[in-house]
Amino acid sequence: MRQRILALLLVAFVVAGVYMKLAAAEIRRPPKSALNRQLVEAFEKRLLHMFGLPARPNRKAQQSTVTNSSSAISDYMWELYKKQSKLHKSGRGRASTIRCFKAQEIGHQSSCDPFRAQYHFDLSSLPSAEDVWAAELVLYREESSLLPSGRHPVHRVQVYDIVRPASSNSHPIQRLLDTRIFRGSGVGSWEVFDVLPAVHRWRSQPHENHGLSIELVSTLDASQPQSVRLKRSAEEDLGKWSQFEPMLVTYSRDHQHTLLSRTKRSMGKRNHRRKGRRDNCRRHMLYVDFSDVGWNDWIIAPPGYNAYYCQGDCPFPLPDHLNTTNHAIVQTLVNSANPAAVPRACCVPTELSPISMLYKDKYDNVVLKNYQDMVVEGCGCR
């Protein structure tokens, strides 16, 4: 019932947004009253709560990002967004939220050393209610050329959790989190390293978050250039560097996250595709365009989505293809005998699927969040 109410609120909010858009175009409409504004604000507040956002992300701060989103978001996050959308279509979505945190270089003492780097990641925007089940440090590995011997260079990357930073009186204490050895290749790729233990420690003790230390070592020839991008070169602009800079990616579930059954989804699709009278209960088109409600200034992708809605008759006797319950059959029988006693069964969504949404939060972190029960997959009489 809660999901149905939220769906109705979403539709009403979209309608209100379309009305405001038409009014701005000077199409003849009654002037917008204070009550209308309060209603729209109430809808927006409720929807933001549904999306897990305390407030609308800062519009001015996001304007330049969304206008040129393809250059502001790394290819890695775009690929994750595409993968999540495919998983939803197959009924195998796993993470409810994927967050990307920018790397902040610690100090300048190692700025001239391309083989070592220390980065801090601010996790203060990570909600305490989210259960983080995976965390990865993501580094970009460039294509590399062959050595004079005809072989690709072999590199080792080691990632450490800085338990205690170095001081004037002591050396740093570091815990090895992950290490990988790989050969250079002729194509660029992203390499991921497991840093979940560090993230769990930082969340339980935020004041102990001293960042990560990364070391690159060549197992063949230390004079060979390293292919893993740790730092921005002097001649590289910030826009280009944003495509390759190191980042921390967390995968989490909130307490309301549930997985859809592929079997149930396929049943819903099969049922609403069966033939019947055109006025019987079935799925209808409803496209939600985020620009109509003014949310395209902070939502990066998608620009909108097909939500669909259910409408139509639940006639007596109820056909099998209308995906009815035993209760709906009994209610329809009673209604046919005494219409004044009970109403007919209602045409409602019986199967719903999620969507993935990519946006930037108020901390300028890229967030990929999966929202459950957003798309009608099947309708039935209930």
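Cys100 counts as buried, because its relative accessibility is 7%. The model is predicted. The chain has 9 helices and 17 strands, and buried residues make up 45% of its 382 residues. Of the contacts in the chain with a separation of 6 or more, 73% are between residues 24 or more positions apart.

**Disulfides**

- The chain holds 3 disulfides; with the bonded cysteines numbered in sequence order, they pair as 1-4, 2-5, 3-6.
- Cys281 is joined to Cys347 with an S to S distance of 2.1 Å, and this link is right-handed, at 75 degrees about the S-S bond. Cys281 sits in the loop between helix 8 (262–273) and strand 11 (282–284), while Cys347 is in strand 16, 66 residues apart. Both Cys281 and Cys347 are buried.
- Cys310 is joined to Cys379, S to S 2.0 Å, in a left-handed link with -85 degrees about the S-S bond. Because Cys310 lies in strand 15 (residues 309–311) and Cys379 in strand 17, the pair ties together parts 69 residues apart in sequence. Both Cys310 and Cys379 are buried.
- The sulfur atoms of Cys314 and Cys381 are 2.1 Å apart and form a disulfide. This disulfide is left-handed, because the torsion about its S-S bond is about -95 degrees. Cys314 is in the loop between strand 15 and helix 9, and Cys381 is in strand 17, 67 residues apart. Cys314 is buried, with a relative accessible area of 2%, and Cys381 is buried at 0%.

- Cys346 is partly exposed, with a relative accessible area of 45%.

**Nonpolar cores**

- The largest nonpolar core has 33 residues, and Phe51, Trp295, Trp298, Tyr305, Met357 and Met374 touch the most other members.
- Helix 2 (34–50), strand 16 (347–360) and strand 17 each give two or more residues to this core; the largest share, 7 residues, comes from strand 17.
- A second, separate core of 27 residues includes Ala103, Leu137, Leu212 and Val228.

**Helix 9**

- Ala328, Gln331, Thr332 and Asn335 are buried in helix 9. They are on the same side of helix 9, because they cover an arc of only 100 degrees around the axis.
- On the other side of helix 9, Asn326 and Ala337 are exposed.
- Strand 17 (366–381) is included in what covers the buried residues of helix 9.
- The end C-alpha atoms of helix 9 (residues 326–337) are 17 Å apart, which agrees with the 16 Å that its 12 residues should span at 1.5 Å a residue.

Technical notes
Residues numbered from 1 in each chain as written. Predicted model: local features only at pLDDT ≥ 70, side-chain atom pairs only at ≥ 80, totals over all residues. Heavy atoms only, no water. Helix = DSSP H or I, 4+ residues; strand = E, 2+ residues; numbered from the N terminus. Expected span 1.5 Å × (residues − 1). Buried < 20%, exposed > 50% of the residue type's maximum accessible area, 1.4 Å probe, protein only. Arc of directions from axis to C-beta. Contact = heavy atoms within 4.5 Å. Core = buried A, V, L, I, M, F, W, Y, C linked by side-chain atoms within 4.5 Å. Disulfide = S-S within 2.5 Å.
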